[in-house]
Amino acid sequence: MSEKKQEIGRFFKHSYIYALGNIINRVGAFLLLPIYTNYLSPSEYGALELFYGISAVIVGFLSVGLAHATLRFYFEYDDLSDRRAVVTTNLIASSMITIIGVTLVGIWYKEISNLVFGHQEYAMGVLVILVTLVLEMSSQICLAYIRAIEKSLFFVYIAIAKLVVQVALNIYFVIFLEWDVVGILYGNAVSVFLGWIILFYFTVKECGFKFDTKKLKTVLLYSFPFLLGTITSLISSNVDKFGLNYFDALSAVGIYMLAVKFGQTLEQLIGEPFNRSYGSFRFSIMKNKNAPEIQSLIVKYLFIGIVFFSLCMSLFIGDLLKIMSDESYWPASNIVPIILLSSIIKVMNYPCQTGILIAKKTKYFFYFGIITSTVSVTFNLSLIPILGIYGACISLIVTDIIAIILMHKTSQKYFNVDYQYTKLLKAFGVALTIYGIHFFTPISNWYLSVVYHIALTLLYAVILLKTPWCFDFEEKEQIYGRLYQLTKIKAFKSLNAGGTQ
């Protein structure tokens, strides 16, 4: 087996495992969504998403990019003691920064509740998310170490444990104790705490507790542009929900964020596992001569996979919402395909960063952040008062397109990759055509609608596998072989043996 195939095989091995962990997490999220959308009003669900927005803003200011830097500088050293020192130094630094920052923010917890919600009823919820994010940010350093040493199964075990606790407590708090939004925050906090105990113990046991000021200085110089870039990106990623709350209504936030929740399943089920695996993988192969070719192939497989997933979600979301949510949430089905397009762009943005990261030109993250946040604020404030939720959607797509164009063009200067653009566009064009057929031929009967959407999904798969548009002969053989291994369907075995030109 060639070195290229070995490296790609190693990458996908851990990607599958990370994907399994994220699927487990999403199963928990889907188990909880019917509870949220039946026991919470759209306004209460909107309030929950605003809590998450508050948390994201605070994390953005305090994270300083140390989790990513842990991965980047772990592979900077060959000596194991130096690598472990990077991990523990960043873990200690992250914990200190977060505790100090959260303590200062916590002084104003009542004022934050007043500012965001217009009352102090949710003040306790603000305190809960502050405690939770201290544990979350410390856990991120530990997870970066797990990714670096490729302990992907360990990640799955932790995901399962957190899932069981979170689902059980949220059901108890929301249904039986009727604690509503704050009850959900309590359940999340407890599950994060249990995960943190396991991760922290494992990391300290493996790496010790060494603090190296020289290594921290190097890491901070590398990470500081990430902080600036994160602060600007926080504006573009949260102005929509806060803008809808201000210009429209809290119920609009609830419907929009439910659509975002479904749309972002792409990022969570495929994007995050890919990032966890590829984040360390790309640095481990950066000295290989065929590294650009490896990235090109991985990006093609990634793109076709996420387009297929997005098409499936867009076709079935209306059917799904009708059986799992109150009717007041059904308009979200029209928003999900737009959010999925945004998620496709975001997922593809991650591998586009490779050249910038290899060259350590992280200042560009700040420059691009300024541009995209300016675009996001301008479009959201202009369009939301006129178009409401759809104004927020248009702003999201425009911002993401500008972000990936800037990232791609700059990264190519330092790590030139010959991407298979024509095949990528064909895969996307076929998916868009099939979605157009679905959009213009709606079926009101639920059972017939499900059958119709299954047929459209199969049509897309057949077009990809039976035409030479996206895969060559060898790639098709590998796909058929893998499908046979997973399903044991003899048709795939015969196709793999006979081939298809």
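How many aromatic pairs does the count come to in this chain? In this predicted model, the count comes to 27 aromatic pairs. One of these pairs is formed by Phe-51 and Phe-117, whose ring centres lie 4.9 Å apart with 45° between the planes, a tilted arrangement. Phe-51 belongs to helix H2, which spans residues 42–62, and Phe-117 belongs to helix H5, which spans residues 109–117, so this pair ties together parts that are 66 residues apart in sequence. Phe-51 and Phe-117 are both buried.

Phe-51 also forms an aromatic pair with Tyr-122, and here the geometry is edge-to-face, with 5.4 Å from centre to centre and 75° between the planes. This second pair likewise links distant parts of the chain: Phe-51 is in helix H2, while Tyr-122 is in the loop between H5 and helix H6 (123–148), 71 residues away. Tyr-122, like Phe-51, is buried.

Other rings are connected in a cluster, in which ring pairs link Tyr-74, Phe-75, Tyr-145, Phe-154 and Phe-202. Aromatic faces also meet lysine side chains. Lys-215 lies over the face of Tyr-77, at 4.9 Å from the ring centre. In the case of Tyr-364, the residue over the ring face is Lys-363, at 5.7 Å from the ring centre.

The account now turns to the secondary structure and the packing of helices. The chain contains 20 helices and 0 strands. Two packed helices are described by the angle between their axes and the distance between the axes. For helix H4 (residues 80–106) and H6, the angle is about 170° and the axes are 9 Å apart. An angle over 145 degrees counts as roughly antiparallel, and H4 and H6 are therefore roughly antiparallel to each other.

Which residues in H4 meet H6? On the H4 side they include Arg-84, Val-87, Asn-90, Leu-91, Ser-94 and Ser-95, and among their counterparts in H6 are Leu-127, Leu-130, Met-137, Ile-141 and Tyr-145. The residues of this contact divide into 13 nonpolar, 6 polar and 1 charged.

Is Asn-90 buried or exposed? Its relative accessibility is 0%, and Asn-90 therefore counts as buried. Leaving aside residues up to four places away in sequence, Asn-90 touches Leu-66, Ala-69, Thr-70, Ile-141, Leu-216 and Val-219.

Leu-220 is placed in helix H9, which covers residues 213–247. Because its relative accessibility is 31%, Leu-220 counts as partly exposed. When residues up to four places away in sequence are not counted, Leu-220 touches Val-64 and Leu-66. Leu-66 is therefore a contact of both Leu-220 and Asn-90, by the criterion of heavy atoms within 4.5 Å. The C-alpha atom of Leu-220 is separated by 10.0 Å from that of Ala-93, although these residues are 127 residues apart along the chain.

Values for the chain as a whole complete the description. Of its 501 residues, 53% count as buried. Among contacts between residues at least 6 apart in sequence, 82% join residues at least 24 apart.

Note on methods: Residues numbered from 1 in each chain as written. Predicted model: local features only at pLDDT ≥ 70, side-chain atom pairs only at ≥ 80, totals over all residues. Heavy atoms only, no water. Phe/Tyr/Trp six-rings, centres within 6.5 Å; stacked < 30°, edge-to-face > 60°. Helix = DSSP H or I, 4+ residues; strand = E, 2+ residues; numbered from the N terminus. Buried < 20%, exposed > 50% of the residue type's maximum accessible area, 1.4 Å probe, protein only. Lys NZ or Arg CZ within 6 Å of the ring centre and 35° of its normal. Axes fitted to C-alpha atoms, helices over the stretch in contact; angles between N-to-C directions. Parallel < 35°, antiparallel > 145°, perpendicular 65-115°, else oblique. Nonpolar A, V, L, I, M, F, W, Y, C, P; charged D, E, K, R; others polar.
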